[in-house]
Amino acid sequence: MSLFKDTVKADVKNVFLNADEFSDRHKIDDVEIVCQIDADVIDPKDGSISQPLYGVFANTITLYVSSADIEKPVEGQVIRLDDRRLSVRQVKDEMGIYVITLEENDS
């Protein structure tokens, strides 16, 4: 492995997913894990971030978690994040961090 990749791997928990710096502890399927959460309300008609006046909208959450802390989820899998049940829409592995797009439908 290259020096850069080794440095990034060490930085996943020491910098990017450090509970004393950027991240917080959340329960993922009843296991407390240090992660980052980015939550936006997305209007599925045009992709804008806003509250719609009518109809159904998708509440989209992006979860950043170390690939060492959880098994890689699959599209369509249901994950419990704290007290919410969310469906996995997409998973990307970005140098040791899973970037998981979760979706919850509200009406």
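Leaving aside neighbours within four places in sequence, with which residues is Asn18 in contact? Asn18 is in contact with Lys13, Ser23 and Val34, where contact means heavy atoms within 4.5 Å. The legends below describe a predicted model, in which local features need pLDDT of at least 70 and side-chain atom pairs count only at pLDDT 80 or more, while totals for chains, interfaces and linings use all residues. Residues are numbered from 1 along each chain as its sequence is written, and side-chain values use heavy atoms, with hydrogens and water left out.

**Figure 1. Overall arrangement of the protein.** The protein has one helix and six strands, in the order α-β-β-β-β-β-β from the N terminus on. Helices (H or I, at least four residues) and strands (E, at least two) are DSSP runs, numbered from the N terminus. Of the 107 residues, 33% are buried; buried means under 20% relative accessible area, exposed means over 50%, and partly exposed lies in between (1.4 Å probe, protein chains only). The protein exposes about 7000 Å², of which carbon and sulfur atoms supply 48%. Accessible areas come from the Shrake-Rupley method with a 1.4 Å probe, and for residues only the protein chains shown count as cover. Among contacts with a separation of 6 or more, 49% are accounted for by residues 24 or more positions apart.

**Figure 2. Asn18 in the loop between helix 1 and strand 1.** Asn18 is located in the loop that leads from helix 1 to strand 1 (24–28). Asn18 counts as buried, at 16% relative accessibility. A polar atom of the Asn18 side chain lies 2.7 Å from the backbone nitrogen of Asp20. A polar contact is a pair of N or O atoms within 3.5 Å; within protein, one must be able to donate a hydrogen and the other to accept it, and residues adjacent in sequence count only if both atoms are side-chain atoms.

Figure 3. Val15, Phe16 and Phe22 form a nonpolar patch on the surface, and together they have about 280 Å² of accessible area. Patches are made of residues with over 30% relative accessible area and no salt bridge; like charges are joined within 9 Å, and nonpolar side chains (Val, Leu, Ile, Met, Phe, Trp, Tyr) within 5 Å. Phe16 belongs to helix 1 (residues 3–16) and is partly exposed, with a relative accessible area of 36%.

**Figure 4. Asp29 and Asp30 between strand 1 and strand 2.** Asp29 is placed in the loop between strand 1 and strand 2 (31–42), and Asp30 lies in the loop between strand 1 and strand 2 as well. Asp29 counts as partly exposed at 32% relative accessibility, whereas Asp30 is exposed, with a relative accessible area of 56%. Not counting residues up to four places away in sequence, Asp29 touches Ile79 and Arg80. The C-alpha atoms of Asp29 and Asp83 are separated by 9.4 Å, the two residues being 54 apart along the chain. Asp30, although not a glycine, has a positive phi of about 70 degrees. Most residues other than glycine have a negative phi.

Figure 5. Strand 4 (residues 78–81) pairs with strand 5 (residues 84–94) in the antiparallel sense over four bridges. Two strands pair if DSSP finds at least two bridges between them. Opposite Val78 stands Ser87 of strand 5. Two residues separate the strands of this hairpin, in which Asp82 takes a positive phi near 55 degrees. Met95, in the loop between strand 5 and strand 6 (97–106), also has a positive phi, near 55 degrees. At 45% relative accessibility, Met95 counts as partly exposed.

**Figure 6. Salt bridges.** A salt bridge is a side-chain nitrogen of Lys or Arg within 4 Å of a carboxyl oxygen of Asp or Glu, and by this rule the count comes to five. One of them joins Glu103 to Arg89, with the closest N and O atoms 2.8 Å apart. Glu103 lies in strand 6 and Arg89 in strand 5, so this pair ties together parts that are 14 residues apart in sequence. Glu103 counts as partly exposed at 23% relative accessibility, and Arg89 is partly exposed with a relative accessible area of 41%. Another salt bridge links Glu32 with Arg25, the closest N and O atoms being 4.0 Å apart; Arg25 counts as exposed at 51% relative accessibility. Lys92 and Glu94 also meet through their side chains in a salt bridge (4.0 Å, N to O). Lys92 counts as partly exposed at 37% relative accessibility, and Glu94 is partly exposed with a relative accessible area of 43%.
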